[in-house]
Amino acid sequence: MRSKDSRDAVSVRTWLAELLPVVVLVLILSALVEFFLLRILNRMGNMLPAWMTGDVMAGLVFIGNIGGNVALLTGVLAIIALAGVFWGKKMFLSIVMILWIPILVGVQIVGSGVSAAVILGGFMAAFMMGALIGIGIIAQIRRVRVVGSSPDLMHRLVQVSPIVLLIFVLFTYLGAFYLHIGDTLANLGWGPPNRADVYGAVEWFAVGAAFLAPVAFWRRFEAKNLILPTVGAMIITAFALARPDILPLASIWSIGFRLNLPLPLYIGALWCFLYSLVNLFAEEDRGGYLVPGLLLLFLSGRMLNDFYVIHLAVLSIVFLSLTDELKRSAPMSWPMPSAIRSLFSSRNPVGTEGKSTKPS
């Protein structure tokens, strides 16, 4: 018979597993509000009509600040729930997650002016991301070994692409940390060299990760999964043609992309990103935690110049690397009306079991 303490621990883990999907959903919605109101709309003031300035914009900024605060709070709650879900299963990972909370909260309280806090928090976040991506890569390699390598080229690409995607994401974030932690160290006289050059170079990895996403979450082309990516790419193309002066500024302000590569690469990367999201929504569980993982990957961007976006990036890596474990321990399915659900349904997935290969 289990002891009372053991039963209580199981009960707490069960409660946290039930809480996690709700917290993640609120996190995504509030982070989207912050992104569109503060990082997009608020920084395009000279392009907005007169009626959206003044009190209207002040109100939108207020709502955006609420969204950012709610996203930060629910992000902390998500880490607590994740640590509880993995407690006893991945003890080291749970302890690291718990240690991250006081660092995150401490930096948010003292601000980015305290160099020691920024350096400690940056190194801790980089360590967590590296460890999580390592776990995800090992799990994916084991999956390939269990399933067996397919003789079909497309299936082999689907099996390998999640591993490469995670590596590209890691390089992207490490390049951002090299710049920003390096800048803080430079203020102390210890700055590493060529920080801006490294930051610019790793933009290739960010774009490459977007191009890999449709392969990692592959489904055959259908009208349903082509409409949204194509419309999104066309909107950005039209904006780039209409205001070529503002697009690079909006990009660097919002998600840290300098657009120093040919513009068609970014349009194609956006198309691929949206295509992978649509494919994930075609799954029975609406992509589970992979959808929050990809959305937070986009919302955090690659700038990582404050700990709010760093925390979003850490959570995105958690969801992308540990999706199978989370699916077993705390399953999540996005609520969706049946009429909209039918738009995303797909009858032609890749794979003998009717599902696309996902990273573990």
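**Helix packing and the nonpolar core**

Let's start with two helices. Helix 2 (residues 55-86) and helix 3 (residues 91-110) pack at about 160 degrees, their axes 8 Å apart. Axes here are lines fitted to C-alpha atoms over the stretch in contact, and angles run from 0 to 180 degrees between N-to-C directions. Helices are DSSP runs (H or I, at least four residues), numbered from the N terminus.

A word on the source. This is a predicted model: local features need pLDDT of at least 70, side-chain atom pairs count only at pLDDT 80 or more, and totals for chains, interfaces and linings use all residues. Residues are numbered from 1 along each chain as its sequence is written, and side-chain values use heavy atoms, with hydrogens and water left out.

Back to the pair. Helix 2 and helix 3 are therefore roughly antiparallel, a label for angles over 145 degrees. Their contact (heavy atoms within 4.5 Å) includes Leu 82 in helix 2 and Trp 100 in helix 3. By class, 13 residues there are nonpolar, 2 polar and none charged.

Next, the core. Which residues have the most contacts inside the largest nonpolar core? Leu 20, Leu 82, Trp 100 and Phe 319, in a core of 94 residues. Helix 12 (residues 307-321) gives the largest share, 12 residues. Such a core joins buried Ala, Val, Leu, Ile, Met, Phe, Trp, Tyr and Cys residues through side-chain atoms within 4.5 Å. Beyond four places in sequence, Leu 20 touches Leu 82 and Tyr 289, among others.

Last, Ala 206, in helix 7 (residues 203-216). Ala 206 is buried at 12% relative accessible area; the cut-off is under 20%, with a 1.4 Å probe and protein chains only. Its contacts beyond four places in sequence are Thr 172, Phe 257 and Arg 302.

Note on methods: Buried < 20%, exposed > 50% of the residue type's maximum accessible area, 1.4 Å probe, protein only. Parallel < 35°, antiparallel > 145°, perpendicular 65-115°, else oblique. Nonpolar A, V, L, I, M, F, W, Y, C, P; charged D, E, K, R; others polar.
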